[in-house]
Amino acid sequence: MLVVALIATHGCDSGPSGPSGSDGEDDVCPAPSHVTRRLLPFQNGADAAALAASLAKYYQPLGIELVPSGEPAEVGLDYAIDNDEAELRAALALAFPHVDLDATAIDAATLADISRFIANHMLRPLLEFVRAWRGEPDETALVAVPSLTSDPAAASRTLAGLSISEALLAHLRAEAGPEGDLWRDAEFPPAFSPVMFVDATLLASFERDDPDFAVAVLAHEFGHTAGLWHEDDPDNLMHPNLVPGEVSHLELTGAQLARMAENLTPGCAPQDAAQLAPAPAPR
């Protein structure tokens, strides 16, 4: 995710490349120049087809062919994250009527239940889309919504995108601390295709002021869905804080492109990504 580091990734740099074919070849994963991926656009009051075309144009010289598939499908989603605090408190009061939510001491089991409820409440729009879409293994969804959050002012309108895939989820659930807890609590299906949500309003403003920056934001988000995590190098596309006017030099390394090739190829991720993403565990 750009700006706020909720989304990280886990690739398959090492380990077995997969079962050998009947012809005896060990390398079943393609070189980056051989990658083709279907990109399915969804929209609510935005031009997702144009965004998909810009994304495809960016990655084509890098050996990753993104094929926009059909006309954009209209979706009824206005946002991907529900960050309305008043609505959350009301929902908590209904779900935990006998708990003093303002108490300084809440027993550990109840607190874990509350945390799990909060995670699934906040991520509800994203989770509902992931469950309902049921994309194919060779498909990635690009979903353009009016705002990434239900209350943009509360987030200072800085969230430009949110991406998730089985590989991302595996990495996030392996993280220690509150961020890992959030994603361990989130009730994703055991298998799903990658999804990237983008704030169409923010991207439109970027496009007016700095078209290259808008494309970099899209490319950054797609990188997450393809198994790339944030990098400290300010010259790397996956740096967590991209700066308008300073994106023309951004690059992806050969190792990053190889990781993308593996993660974008069905059956190529190590041991299948679904096996790397454990179900939520009690804390």
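**Cores and aromatic pairs in a predicted model**

Proline 41, if we set aside its neighbours within four places in sequence, touches Ala48, Ala49, Ser69, Gly70, Pro72, Ala73 and Leu142. I begin with this residue, colleagues, as an entry point to the structure above. Proline 41 belongs to strand E1, and it counts as buried because its relative accessibility is 4%, under the 20% cut-off. Between the C-alpha atoms of proline 41 and leucine 51 the distance is 8.4 Å, with 10 residues separating them in sequence.

Please bear in mind that this is a predicted model. The average pLDDT of the protein is 82, and 82% of the residues reach at least 70. Two stretches call for caution. Residues 1-27 stay under 50 in pLDDT, and the model gives them 77 contacts beyond four places in sequence. Residues 270-283 are also below 50, with 27 contacts beyond near neighbours in sequence.

The largest nonpolar core comprises 39 residues, and Leu55, Tyr59, Phe222 and Met260 have the most contacts inside it. Among the elements giving two or more residues to this core are strand E1 (35-43), helix H1 (48-59) and helix H9 (254-264). Which element gives the most to this core? Helix H8 does, with 7 residues.

Beyond its neighbours within four places in sequence, its contacts are Ile64, Leu66, Ala219, Phe222, Gly223, Leu237, Leu252 and Met260. There is also a second, separate core of 30 residues, which includes Ala80, Leu126, Ala141 and Phe188.

I come now to the aromatic rings. The structure contains 10 aromatic pairs. One of them joins phenylalanine 42 and phenylalanine 129 edge-to-face, at 5.1 Å centre to centre and 85° between the planes. Phenylalanine 42 is in strand E1 and phenylalanine 129 in helix H4 (residues 124-133), so this pair ties together parts that are 87 residues apart in sequence. Both partners are buried: phenylalanine 42 has a relative accessible area of 11%, and phenylalanine 129 is at 8%.

Another edge-to-face pair consists of phenylalanine 96 and phenylalanine 117, with 5.9 Å between centres and 85° between planes. Phenylalanine 96 lies in the loop between helices H2 (85-95) and H3 (108-122), whereas phenylalanine 117 lies in H3 itself. Here phenylalanine 96 is buried at 15%, while phenylalanine 117 is partly exposed at 26%.

Two further features complete this overview. Phe42, Phe129, Trp133 and Phe197 make up one aromatic cluster. Finally, arginine 259 places its charged end over the ring of tryptophan 229, 3.9 Å from the ring centre.

How values were computed:
Residues numbered from 1 in each chain as written. Predicted model: local features only at pLDDT ≥ 70, side-chain atom pairs only at ≥ 80, totals over all residues. Heavy atoms only, no water. pLDDT = per-residue confidence, 0-100. Contact = heavy atoms within 4.5 Å. Core = buried A, V, L, I, M, F, W, Y, C linked by side-chain atoms within 4.5 Å. Buried < 20%, exposed > 50% of the residue type's maximum accessible area, 1.4 Å probe, protein only. Helix = DSSP H or I, 4+ residues; strand = E, 2+ residues; numbered from the N terminus. Phe/Tyr/Trp six-rings, centres within 6.5 Å; stacked < 30°, edge-to-face > 60°. Lys NZ or Arg CZ within 6 Å of the ring centre and 35° of its normal.
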